[in-house]
Structures are given as C-alpha cells and as structure tokens.
Amino acid sequence: MFKLIDFNYHGKTVFLRVDLNSPVKDGRIISDARFQAVLPTIVYLLEQGAKLVIGTHQSKPYKGDYITTEEHAEILSKLLGQEIEYVEDIFGKYAREKIKALKPGEAVILENLRFAAEEVKYKSLEECERTHFVRKLAPLIDYVVNDAFAAAHRSQPSLVGFARLKPMIMGFLMEKEVEALTRAYETNDGQRVYVLGGAKVDDSLRVAENVLKKGRADLILTGGLVGHVFTLAKGFHLGDANLEFMARKGLLDLVDWAEEILDDFYPFIKTPVDFAVDYKGERLEVDLLSDQKALFDEYPILDIGSRTIEKYRDVLAKAEIIVANGPMGVFEREEFALGTVGVFRAIGESKAFSVVGGGHSIASIYQYGIKGISHVSTGGGAMLSFFAGEKLPVLEAFRISYERFKEKTKR
C-alpha cells in the first residue's frame with residue numbers, strides 16, 4: 001500500500017479524507033481528540049506544499065449532532081495556526097472553484113460530506129466510482145490521502161470511490177492504526193486476551209468467533225451487554241428487569257449464537273461472577289450465585305462487580321497481547337465506572353502490547369486519566385470488523401489503488 005512519504009506533493013491538489021465525526025453538545029463540538037489524531041498528516045501535506053482539500057462527515061441525517069463543518073474548520077485553524085477555509089459546498093461549482101483557486105500550502109474543508117445523498121449509503125467500489133461526487137472532483141485532484149480509519153469498514157464514495165482513478169495513499173494515522181491492529185492480531189507468542197464489552201454485541205460475537213476459531217486468542221473476558229449475553233448463554237438467570245431491557249434491545253435473539261460459540265470454546269470465554277445493580281440510587285454488588293440474585297428481577301445491572309474486576313486484573317497482568325473494545329458498564333455514572341476504570345487501568349499497567357478502541361472506551365480512558373495503553377484506536381466499528389476477520393472496504397481500496405498505480409510513484 002502507498003505511504004505518505006512515497007510521493008512529492010508540492011503544487012499537487014490532494015483530497016484528504018479524515019474522520020472528524022465528534023461528540024456535540026448544545027450544537028458545539030466538545031472534543032478535539034479526532035482532530036489531534038490527524039494533525040500530523042495535515043501538517044506534513046501543508047509543509048510539503050500540497051493544495052489541500054479536506055473532507056469529513058459528521059453524524060447522520062436527522063440526528064442532533066448532524067451539523068455543518070464550519071466549526072470543524074475553526075478548530076483545525078486554531079490547532080494549525082493557519083486558516084482552513086470552510087466551503088459551504090461539496091462538489092458543486094462553488095466548491096470546484098475554491099479547489100481550483102488553492103495555492104501550495106493552503107487548505108479548505110468541504111461541507112459535511114453526508115449532506116450529499118450519495119455519501120449516506122454503502123455501495124460497491126464500482127458504484128462509488130460512478131457517483132457525481134467522484135466524477136465532479138476527480139478531474140481536479142492529483143492524489144487521494146485517506147486517514148479515516150474509523151470509517152474504514154464503510155464503502156462510500158469519499159472513502160473508496162477514487163481508488164482506481166488516483167493513487168490512494170495511507171495517512172500517518174491510518175498507517176499507525178493498521179500496523180498496531182495487525183501486530184495484535186497476528187502475534188502468536190504469549191497469552192493473548194480479548195476484552196469485549198459495551199453494547200455492540202453482534203459485532204463482539206463475530207470477533208469472539210473469529211479469533212477463537214483462527215487461534216488468535218487464548219482467553220476472552222466479557223462485560224457490558226456482551227457479558228450479559230454470554231452469561232445467559234451459560235445458563236444463568238439475570239432477572240426480569242434485565243431480561244426485559246435486553247428483549248427491548250433485541251439482544252435475546254443473540255443468546256443462541258453465543259451458546260454455539262460456547263459449545264466450541266467454553267473454557268476460553270470468561271463471564272462476570274458478580275454484578276453491580278442500581279439499588280435505590282446506589283451501587284450494590286450482587287454475586288451471581290448468591291441468594292441476593294433475586295434483586296436482578298427489580299434492579300438493572302449497570303456494571304461488573306469487584307470480584308470480577310480482580311479476576312480480570314489477574315488475567316490481564318499475565319497477558320502479552322491485549323485487545324479491548326467497549327466499557328464494562330455504564331461508566332458515565334461515577335459509581336458504575338468501577339469496572340471499566342479497573343479493567344482499563346489493569347490493561348495500562350500490564351506489560352502487554354495493548355490495543356483499546358471504541359468511542360465509549362476512549363472517552364473513559366481520557367476522563368479517568370488512564371495511562372500505559374500501547375495504542376488507543378480511533379475506530380470502534382472498524383476495529384471490531386478488523387478483528388472479526390472481515391475485509392475492510394477502505395483497506396481493499398488501498399490494495400486496488402496500489403496495484404493500479406505502483407509504477408507511478410514519484411519517489
């Protein structure tokens with residue numbers, strides 16, 4: 001695959017696809033973490049004299065955080081110390097004129113790409129190539145740099161549509177992500193532990209099934225709703241209150257699948273031995289085998305318990321490779337952050353090479369100042385797809401582009 005240092009960008013127009021999709025509160029962006037992550041790529045291209053056209057999406061239609069990229073331009077401008085002009089257009093005449101007028105070392109950011117209908121649906125590379133978005137912008141562009149790892153599991157025009165038309169190049173963040181995830185997935189030495197939590201249960205089941213079948217994992221520790229599903233699959237009752245919640249979320253339909261995985265790999269999948277419930281507004285820990293488990297009928301489970309944290313901590317301390325995605329509970333409430341913080345701190349304190357991803361996981365890491373994790377991935381869904389052994393459309397597009405243009409490298 002092409003890397004950033006393979007080309008000379010001076011005076012060349014570069015379309016840079018990033019993922020600056022950020023949390024929004026009261027109409028304002030409240031975290032610049034994804035901006036910071038792509039800064040090295042942006043700085044490099046501008047210092048090399050590229051004419052830079054930045055594209056990103058923000059949320060989805062009809063959601064509260066579906067906003068323009070005007071504030072994204074303001075944040076980038078402050079971080080870079082130079083103006084990144086906001087262009088209130090995507091591929092229309094106004095946008096194309098702004099792109100043509102760029103001088104070396106200047107940059108614009110296009111409007112929220114998902115304001116274009118073509119960018120919302122997933123289509124094949126060939127269909128993406130035929131979109132108005134790609135056909136209008138391709139004649140103006142010399143190179144495409146993709147640094148949007150968090151969207152690498154999607155097949156949309158801005159992500160894959162240029163692959164056969166222009167050299168498609170990995171940004172520094174993309175390169176770092178792929179190297180870290182590949183190292184974690186392909187290492188065969190020592191104890192390899194996966195920690196699967198959060199609410200993306202079907203994605204986590206795919207990961208568990210793949211890494212165990214392929215011999216890529218030695219143990220899987222579960223928490224969050226993933227832990228709930230595997231606990232039910234082991235035959236434990238989690239009470240009416242929790243079953244009703246899981247039924248509303250469609251999670252009970254996944255229990256049979258979890259049972260099939262357990263049939264093949266039972267000893268290698270660990271589930272919580274105790275849980276914390278919201279008992280009249282306070283944290284109360286309940287052992288899964290105690291008489292108190294009747295409380296599960298009335299009170300929701302919001303975290304793993306202290307005994308589970310210690311058991312998981314012992315496992316993580318001996319690991320050589322750790323992959324973690326998703327929190328252990330509702331960490332947004334401080335009294336139920338104990339499991340998530342305890343497990344992630346144990347990962348940071350371990351000697352293992354560790355990869356942690358997922359939006360909620362990252363938020364908890366920053367919120368509680370957790371240190372020592374080898375690689376914090378910007379991609380939740382993309383990371384899960386990678387470890388589930390699925391082909392990521394963006395990585396496939398890099399490969400296709402490399403095969404087509406490998407004789408045309410300038411350096």
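Let's start with Phe 133. In this predicted model, Phe 133 has a relative accessible area of 2%, so this residue counts as buried. Phe 15 is buried too, at 0% relative accessibility.

How many aromatic pairs does the model hold? The count is 18. One of them joins Phe 15 and Phe 133 edge-to-face, with 6.1 Å from centre to centre and 70 degrees between the planes. This pair brings together distant parts of the chain, as Phe 15 belongs to strand 2 (residues 13-17) and Phe 133 to helix 5 (residues 132-137), 118 residues apart.

## Tyr 185 and Phe 386

Now look at another pair. Tyr 185 and Phe 386 are also arranged edge-to-face, at 6.1 Å centre to centre with 75 degrees between the planes. Here two helices are linked: Tyr 185 lies in helix 7 (residues 172-186), while Phe 386 lies in helix 15 (residues 381-387), 201 residues apart.

Are these two residues buried or exposed? Tyr 185 has 12% relative accessibility, so Tyr 185 is buried. Phe 386, with a relative accessible area of 15%, is buried as well.

## Charges over rings

Which charged residue sits over the ring of Tyr 185? The charged end of Arg 216 does, 4.8 Å from the ring centre. You can find another such contact at Phe 353, where the charged end of Arg 183 sits over the ring, 3.8 Å from its centre.

Definitions and conventions:
Residues are numbered from 1 along each chain as its sequence is written. This is a predicted model: local features need pLDDT of at least 70, side-chain atom pairs count only at pLDDT 80 or more; totals for chains, interfaces and linings use all residues. Side-chain values use heavy atoms; hydrogens and water are left out. Rings of Phe, Tyr and Trp (its six-membered ring) pair if their centres lie within 6.5 Å; planes under 30 degrees apart count as stacked, over 60 as edge-to-face and the rest as tilted. Helices (H or I, at least four residues) and strands (E, at least two) are DSSP runs, numbered from the N terminus. Buried means under 20% relative accessible area, exposed over 50%, partly exposed in between (1.4 Å probe, protein chains only). A charge sits over a ring if NZ of Lys or CZ of Arg is within 6 Å of the ring centre and within 35 degrees of the ring normal.
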